[in-house]
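Here are my notes for your first look at this one. Have the model open beside you as you go through the points.

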Amino acid sequence: MSPPPPATGTTGPARDEARDQTRDDARNEARDSAVTTSHRSKDPAVSIAARLRRAAVDTRPLAVPAYRRVLVGQGAALVGTMVTEVAIPVQIYAMSHSSLYVGLAGLTGFVPIVVFGLYGGAVADAVDRRLLCLWSSLATWAATLALLAQTLLGFASVPLILVLVAVQAAGFAISSSSRGAIIPGIVPPELVPAANTLSFTVGNIGQILGPLAAGVLVTLPHGFAYAYGADALLFTTALYSTFRLPTITSAGAPARSGLLAVLDGLRFISGNPVLLMSFAVDIAAMVLAMPSALFPQAAAARFHGGVGLLYSSVAIGSVLAGLCSGWIGRVRRQGRALTFAVAGWAVAIALAGFARTLWLAVLLLALAGAADLVSAVYRQTILQTYAPDEMRGRMQGVFTVVVSGGPRLGDLRAGAMAAATTLTLAWSGSAVVCVALVFVTALAVRPFWHYSAHQTQPPADEGAR
């Protein structure tokens, strides 16, 4: 395989190649549109074919070799990651028989995500993002090998697992901050929404296959060892794909480093209501309407099995939504679209909490996953295109804290509520609150509600003033 093209700065062979492909696709789409318009009354099949093509997932970013490599590595690694994500709470629940301890695993991972996500994002703006991603991924890989070792040695210790969860979370936070900042550097700006959609769709395929595989593996003798071993093996693909990337640095060096750079990033967000609200609605969705910590209890007490299917159902809906996501990049009122998508997620989650059959719960969780795919693409796209390149590492650090830390706080909230009240109230009660909160805050912040994809980004130092 030939080396990937240079990906530093804002131009290069990779982007030129993708831009040429974009121009050809646009020309073909225009030709299809003209044919459709002239022959609509004569050949309805042409019109249907053209509309299906516009609705299908946009694959133009695959013309960029570096992006293809990242996509394949990330997708394979996420399958293993999700195997571990399911195995850990199931193993903890098997040891403790308590959803509260499962929720504590979320809290254990939250603190490293906040600390290393924010600081790692600042570091990503000052160093080679490829090397930072590679070394932090190696730390995550080492923690997975330690999980495998503790299982093989028969250590039935919840505290030890929680320590390894914290180490995994730290490595993941840094690698995610740098990886998210890499994407806008290897694809043209007009293809960023399509690249994000492909990344989320492939990732969601991993979130289907991983939990389903975990659901089988954890039932086998020594099943937890098989689960952690599969994760360690698949993660080597991500390490290889990151190793093959070229040097990727920020277009402009940050004015300050360390903690001061982190504070500059937070000031930038606080001074821009569009970015601030894109994070706020996601926090509400994850903390108030994330029921994953309740899946082991629901599978055991309500559905009498099916924990792997519960964990994968949200991703199933996301994949189906991703396959017909061609329209996402054409929506301009992205703030409004993000609001409705988050509300749709919370409504579907609330209804799933009342389900008494596994198939109905899975169906409603899949609907929630479809809404989540749409909201995730808009959140990431707003962040990557609104912030300047020298701020992208820090923005991705905050994004990692919100996207990965939010569900962990949601796990703690759900586990504590289930221990103090009932499974249904812990699952559905706060999701209803989420719907009302998201609409009230979005309508109150007018710049976010009226935000259009055509808006230009503010100056890099605007948020720091």
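1. Start with R130 and F243: the charged end of R130 sits over the F243 ring, 5.5 Å from its centre. For a charge to sit over a ring, NZ of Lys or CZ of Arg must be within 6 Å of the ring centre and within 35 degrees of the ring normal.

2. A word on the ground rules. This is a predicted model, in which local features need pLDDT of at least 70 and side-chain atom pairs count only at pLDDT 80 or more, while totals for chains, interfaces and linings use all residues. Residues are numbered from 1 along each chain as its sequence is written, and side-chain values use heavy atoms, leaving out hydrogens and water.

3. Next, look at S137, which lies in helix α5 (residues 129–152); helices here are DSSP runs of H or I, at least four residues, numbered from the N terminus. Is S137 buried or exposed? It's buried, with a relative accessible area of 2%, where buried means under 20%, exposed over 50% and partly exposed in between (1.4 Å probe, protein chains only). Setting aside neighbours within four places in sequence, S137 is in contact (heavy atoms within 4.5 Å) with S175, R179, F235 and L239.

4. Now the nonpolar cores, meaning sets of buried Ala, Val, Leu, Ile, Met, Phe, Trp, Tyr and Cys residues joined through side-chain atoms within 4.5 Å. The largest has 85 residues, and those with the most contacts inside it include L275, W345 and W427. Helix α13 (residues 334–352) gives this core its largest share, 11 residues. A second, separate core has 14 residues, among them A66 and I248.

5. How many aromatic pairs does a search of the whole structure find? Four. Rings of Phe, Tyr and Trp (its six-membered ring) pair if their centres lie within 6.5 Å; planes under 30 degrees apart count as stacked, over 60 as edge-to-face and the rest as tilted. F295 and Y311 make an edge-to-face pair, 5.1 Å centre to centre with 85° between the planes. F295 is in helix α11 (residues 295–301) and Y311 in helix α12 (residues 307–323), 16 residues apart. Both are buried, and together with W427 they form one aromatic cluster.

6. F340 lies in helix α13 and F439 in helix α16 (residues 423–444), so the pair ties together parts 99 residues apart in sequence. F340 counts as partly exposed, at 47% relative accessibility, and F439 counts as partly exposed at 25%.

Notes:
Helices (H or I, at least four residues) and strands (E, at least two) are DSSP runs, numbered from the N terminus.
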